[in-house]
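Please keep the sequence and the 3D view at hand.

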Amino acid sequence: MLNLKKLMSILLAALFCIAAVGCGGENAANKDKKEFTIVTSFYPMYIDVLNITKGVEGVKVVNMTKPQTGCLHDYQLTTEDMKTLESADVFVVNGAGMESFLEKAAKQNPKMKTVEASNYKDINLLKDGDEENPHVWLSVTYAIAQVKAITAELCEADPEHKDAYRKNALDYCMKLEKLKEEMHNELDNLPHKDIVTFHEAFPYLAKEFKLNIVSVIEREPGTEPTPQELEDTIKQVKGLDAKVLFTEPQYSPAAAETIARETGAKIYQLDPVVTGEANEGAIDAYIDTMKKNMAVLKEALQ
């Protein structure tokens, strides 16, 4: 009887050791498993990807540029940016000419998959002369299309998490649809529709909500208008029923203030959603900012 107890003890100890080794091996495997890394080019793409990947374990989201960088019209890649891209499984960009450095980034990281969110069948790009306007996310309809485009590409690149990506994307798109409905209800029937914007960020928003951009203060952000351009804008503003100018929080309002002094126009601020908080603070940034834009337009154009 004693020998049987001893034998049972030995067997139990052996089983425990096997289990322990098995568990240790599994933990080691999990520890060594590579994270799926998604790098985004700038803030609007960062917001989308954070929503699509929300709560998905094993997925890391990195915004290549600082969340206060703004639009990437003339952005040049830094050494730090190139290091960030080295770790990317997928690089999510807006496209349509926003990121002029794409060719260089792809050439130096040939294994990296690049996703252009504006390259989607439901998005019809507007043009200013021969150049495409890349600010498509400021149409809520196109913001939804971009989420769908990014989700489809992520599901293909990372099929292990495709169900979670699709569920998150559906939840986010439903929120965006609700935002779109609210904005149409508030803006479609405003008595005034003519607006003067700071730079070419808002044609997609204007098209969606039936606004008419009569003039743009700075064609290139950060570049002061010429005296002739300033004079032309002043003349146009004087002819408006609702004399309002819209600046952007990312740029100096100096030119708009000059126009306001000459015309008696009131200055308001529209945010193109290109800067904001990082990490969890970015989850609702698009919706919150667009609601603020809606309130500003409603007040200015009554």
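This is a predicted model: local features need pLDDT of at least 70, side-chain atom pairs count only at pLDDT 80 or more; totals for chains, interfaces and linings use all residues.

The secondary structure of the protein chain amounts to ten helices and ten strands. Of its 302 residues, 47% count as buried. The accessible surface is about 16100 Å², and carbon and sulfur atoms account for 51% of that. If you look at contacts between residues at least 6 apart in sequence, 65% of them join residues at least 24 apart.

Now turn to helix H6, which covers residues 162-187. With 26 residues, H6 reaches 36 Å from its first C-alpha to its last, close to the 38 Å expected at 1.5 Å a residue. Which residues of H6 are buried? They are Tyr165, Asn168, Ala169, Tyr172, Cys173, Leu176, Leu179, Met183, His184 and Leu187. In an α-helix there are 3.6 residues a turn, so residues three or four places apart point the same way. The buried residues of H6 pack against strands S1 (36-40) and S2 (59-63), and against helices H2 (43-52), H5 (140-157), H7 (203-208) and H10 (285-300).

Two of those partners, H2 and H5, also pack against each other, at an angle of about 60° and with their axes 10 Å apart. H2 and H5 are therefore oblique to each other. On the H2 side, the contact is made by Met45, Asp48, Val49 and Ile52, while H5 contributes Gln146, Val147, Ile150, Thr151 and Leu154. The crossing of H2 past H5 is right-handed.

Methods:
Residues are numbered from 1 along each chain as its sequence is written. Side-chain values use heavy atoms; hydrogens and water are left out. Helices (H or I, at least four residues) and strands (E, at least two) are DSSP runs, numbered from the N terminus. The expected span of a helix is 1.5 Å times one less than its number of residues. Buried means under 20% relative accessible area, exposed over 50%, partly exposed in between (1.4 Å probe, protein chains only). Contact means heavy atoms within 4.5 Å. Accessible areas come from the Shrake-Rupley method with a 1.4 Å probe; for residues, only the protein chains shown count as cover. Axes are lines fitted to C-alpha atoms, for helices over the stretch in contact, and angles run from 0 to 180 degrees between N-to-C directions. Angles under 35 degrees count as roughly parallel, over 145 as roughly antiparallel, 65 to 115 as roughly perpendicular and the rest as oblique. A crossing is left-handed if the near helix is turned anticlockwise from the far one by less than a right angle, and right-handed if clockwise.
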